[in-house]
Amino acid sequence: MSELVTISHTDLKVGRINLGGNVFGWTLDEKESFQILDAFVEAGFNFLDTADTYPWWVNGTGGTSETIIGKWMKERGNRDQIVVATKVGSQTEEHGYDISRKHILKSVDESLSRLQTDRIDLYYSHFDDGVTPVEETLSTYDELIKAGKVKYVAASNLSPERLQESFEVSEKNNLPNYVALQPHYNLMERQSYESTYLPIVKKYDLSVFPYWALAAGFLTGKYRGEKDLGKSVRGEGAKKYLNEKGAQVIKAMDKIAEKHECKVASVALAWLMAQPNIGAPIASATSIYQLETLVEATKVKLDPVDLELLDCVSA
């Protein structure tokens with residue numbers, strides 16, 4: 001087993017990489033997804049991240065990722081060895097953002113059915129709808145926890161204000177607290193998280209699982225100019241980083257990767273793991289080669305010189 005960390009305020013122990021399930025049913029079919037999942041577990045990891053709406057941009061409604069993961073766990077008989085995180089509240093072609101009681105109660109049962117399990121280990125408020133009272137959302141989670149359908153709850157794309165309000169409402173009404181935060185955070189995207197979310201993270205001792213840990217693939221080092229953007233269906237997402245700061249970050253990562261004899265992407269993930277409160281970066285893999293990069297990242301120990309260089313070029 002790889003190194004395990006305990007998610008704050010829980011009994012859940014997870015490996016240092018959180019495998020992103022957004023590619024299951026999108027750029028990977030069921031068979032290919034099973035291969036990646038098998039290899040991930042064989043490498044000593046146990047933490048899967050998905051959402052009820054992945055990949056809604058393919059079929060309009062989502063659900064495929066959870067279905068694939070559920071079928072895989074059922075066939076492998078390994079549910080008790082896996083920590084499953086899924087989410088509620090995102091939009092699809094059928095509905096907008098929604099974290100109302102009605103929507104959560106319907107969605108959780110659908111997620112449990114697709115995942116072929118009786119419980120969700122970590123259940124995220126995926127997006128805030130901006131209208132549902134915080135108390136309504138949290139009291140619904142309280143019902144689900146008491147019913148045994150959900151073990152713990154966490155937050156993803158909530159504003160700092162709504163996140164702070166959630167803790168205040170929880171405390172006042174004895175409702176469940178969010179135990180983790182899933183923010184957009186990586187070497188190219190530091191400002192928002194570090195200035196507005198990190199103080200809340202420290203105040204409430206949250207575990208942090210950053211998404212887009214590799215900045216839409218830019219931090220793998222494969223997009224070094226406009227001509228490289230066609231290398232992947234996700235290449236366009238890296239375009240905005242083709243600037244002076246991006247070039248400086250890649251140059252520093254090249255240097256550190258050479259020093260540690262590892263891949264550039266492994267440096268980006270190792271940097272995240274070295275930051276306070278980070279439990280496990282979320283990263284997806286569409287090939288065994290990519291998965292090996294994720295596994296390698298957990299073995300790279302950046303020294304103070306490496307960290308200072310990366311801090312300087314990415315500030």
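Predicted model: local features only at pLDDT ≥ 70, side-chain atom pairs only at ≥ 80, totals over all residues.
Ala, Val, Leu, Ile, Met, Phe, Trp, Tyr, Cys and Pro are counted as nonpolar, Asp, Glu, Lys and Arg as charged, and the others, Gly among them, as polar. The structure holds 1 cavity of 30 Å³ or more, and the space in the largest cavity comes to about 50 Å³. Its lining consists of Ile 99, Asp 128, Val 134, Thr 137, Leu 138, Leu 158, Arg 162, Ser 166 and Tyr 178. By class, 5 of these residues are nonpolar, 2 are polar and 2 are charged. At least two lining residues come from each of helix 5 and helix 6 (160-173); helix 5 gives the most to the cavity lining, with 3 residues.

Open pockets were examined next. The largest pocket has a volume of about 1,100 Å³. A total of 46 residues line this pocket, and those nearest its centre are Asn 22, Trp 212, Ala 216, Arg 234 and Ser 284. The lining of the largest pocket divides into 21 nonpolar, 20 polar and 5 charged residues. Elements that each supply at least two residues to this lining are helix 2 (56-59), strand 6, strand 7 (150-157), helix 9 (264-273), strand 10 (282-283) and helix 10 (288-297). The most is given by helix 10, with 4 residues.

For the second largest pocket, the volume is about 200 Å³. Its lining comprises 13 residues, of which Thr 61, Glu 94, His 95, Lys 106 and Glu 110 lie nearest the centre.

Strand 6 and strand 7 run parallel and are joined by 6 bridges. Within this pairing, Leu 122 has Tyr 152 of strand 7 as its bridge partner.

One of the pairs is formed by Tyr 123 and Tyr 141, whose rings are edge-to-face, with 6.0 Å centre to centre and 75 degrees between the planes. Because Tyr 123 lies in strand 6 (residues 120-127) and Tyr 141 in helix 5 (residues 134-146), this pair ties together parts that are 18 residues apart in sequence. Tyr 123 has a relative accessibility of 0% and therefore counts as buried; Tyr 141 counts as buried at 1%. Tyr 211 and Trp 212 form another edge-to-face pair, at 5.3 Å centre to centre and with 80 degrees between the planes. Tyr 211 is buried, its relative accessible area being 17%, whereas Trp 212 is partly exposed at 49%. Trp 212 is also among the residues that lie nearest the centre of the largest pocket.

A single aromatic cluster is made up of Trp 26, Tyr 54 and Trp 57. A contact between a charge and a ring involves Lys 87, whose charged end sits over the ring of Tyr 124 at 5.8 Å from the ring centre.

Key: Residues numbered from 1 in each chain as written. Heavy atoms only, no water. Phe/Tyr/Trp six-rings, centres within 6.5 Å; stacked < 30°, edge-to-face > 60°. Buried < 20%, exposed > 50% of the residue type's maximum accessible area, 1.4 Å probe, protein only. Lys NZ or Arg CZ within 6 Å of the ring centre and 35° of its normal. 1 Å grid on protein atoms, 1.4 Å probe; cavity = no way out; pocket = protein on both sides within 12 Å on 5 of 7 lines; lining within 4 Å. Points joined across faces, edges and corners; volume = space filled by probe spheres on them. Pairing = 2+ DSSP bridges.
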